[in-house]
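Subject: Structure for your review

Dear colleague,

Please find below the structure I am handing over to you. My findings follow it, arranged by topic.

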Amino acid sequence: MSSSTAAAGTSPVTEAAPLSLCAREPHVPADRLVAEMVPPPRFDAVRFATYIPDPNQPSQTEAVRVLEGFAAGLDGAPAGGGRRGLFGFGRSKAPKTPAGPRGVYLDGGYGVGKTHLLASLWHATPAEPARKAFGTFVELTNLVGALGFQKTVETLSGHRLLCIDEFELDDPGDTVLVSTLLGRLVDAGVALAATSNTLPGKLGEGRFAAADFLREIQGLSAHFRALRIDGEDYRHRGLPEAPAPFSDEQVTKAAHATAHASLDDFPQLLDHLAKVHPSRYGALTDGVGAVCLTGVRPVPDQSTALRLVVLADRLYDREVPVLASGVPFDRLFSEEMLNGGYRKKYFRAISRLTALARDAKGLVEGGA
């Protein structure tokens, strides 16, 4: 089902039944994956000027200063030819990769504005959009899966900048893949920028086969100048606690009263996600104005949990409110999961789903 099936222009009452994510099986061509490597809708309008540093966190102000200099140094010169150094200090006479880092790495906790800054860098870089790429780590690995490694290198080598959000290395295969890919792109003159919640040399800690991770990551970390961004999660600064879940009846009524809302049973949606490749989760939500879920309960296993994390990221990127019944979102993941190697992903998902639950609160109040 495509987004065109959404009943555009219908009355937001009960003229059409709610959409169902479980009824969708999107097919995404490879060229769409490349074309969509731009900042998500939530970050369309962000700029360095709209980032409000916390006055108690000087590292935030310093990050803006460094990134503005980084963007100014990327003057749109063809990759692989005479080009500026990392911060624009001089121009190479020969088409060789400049010495030193070829990118910046934004390290910080949840909700300190890393993605805002990364998207601002993309917008500020003086190159046409087709020569700048922005995507999550998962989207980058999915692109390689869709195009093949060599075609991905060829496609991205002509870019001035590659921004990688939520840089995560969850298995040795992806570690080797991305390490090799970034090395090839650096050789081609592509500048890099990335975000994560740990420093490049620390990404392997607390995960499986940590020695293998660290061995590969050491090569990756040499490509980046690390910028630490301190602060608290802005999504919770001065905001109320996450709203308590609503009843099944309230969620169902809101889904019928809200234009382009989807309505699904949570366990059934988790089962459906296992049948859809994560690279298609964005397309899964095309045309959806709100996601309504009944019967939310703790996820049963780690594979399911990781798929839910990807869906939460896509919903957050697209600013799709999430209205739910069942258990609160902070009870989705078990203590074992929250203390394990993927804990950073799970805490990010909780933070983002909580923000989307706040956004959805008015759907019940407005439809009551």
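How many of the eleven residues of helix 3 are buried? In this predicted model, the number is nine, so helix 3 is largely enclosed by the rest of the structure. The buried residues are Lys 114, Thr 115, His 116, Leu 117, Leu 118, Ala 119, Ser 120, Leu 121 and Trp 122.

Helix 2 and helix 3

A packing partner of helix 3 (residues 114-124) is helix 2, at an angle of about 25° and with the axes 9 Å apart. Angles under 35 degrees count as roughly parallel, and the two helices are therefore roughly parallel to each other. The crossing of helix 2 past helix 3 is right-handed. On the side of helix 2, the residues involved are Ala 63, Val 64, Leu 67, Phe 70 and Ala 71, and they meet Leu 117, Leu 121 and Ala 124 of helix 3. Sorted by class, this contact comprises eight nonpolar residues, with no polar and no charged ones.

Five bridges join strand 1 (residues 103-108) to strand 4 (residues 191-196) in the parallel sense. Within this pair, Gly 103 has Leu 192 in strand 4 as its bridge partner.

Helix 4 and helix 5

Another helix pair is formed by helix 4 (residues 137-147) and helix 5 (residues 149-157), which pack at about 115° with their axes 7 Å apart. Here, too, the crossing is right-handed. Helix 4 contributes Leu 140, Leu 143, Val 144 and Leu 147 to the contact, while helix 5 contributes Phe 149, Lys 151, Thr 152, Thr 155 and Leu 156. By class, the contact residues divide into six nonpolar, two polar and one charged.

Yours sincerely

Note on methods:
Residues numbered from 1 in each chain as written. Predicted model: local features only at pLDDT ≥ 70, side-chain atom pairs only at ≥ 80, totals over all residues. Heavy atoms only, no water. Pairing = 2+ DSSP bridges. Helix = DSSP H or I, 4+ residues; strand = E, 2+ residues; numbered from the N terminus. Axes fitted to C-alpha atoms, helices over the stretch in contact; angles between N-to-C directions. Left-handed = near helix turned anticlockwise from the far one by under 90°. Contact = heavy atoms within 4.5 Å. Nonpolar A, V, L, I, M, F, W, Y, C, P; charged D, E, K, R; others polar. Parallel < 35°, antiparallel > 145°, perpendicular 65-115°, else oblique. Buried < 20%, exposed > 50% of the residue type's maximum accessible area, 1.4 Å probe, protein only.
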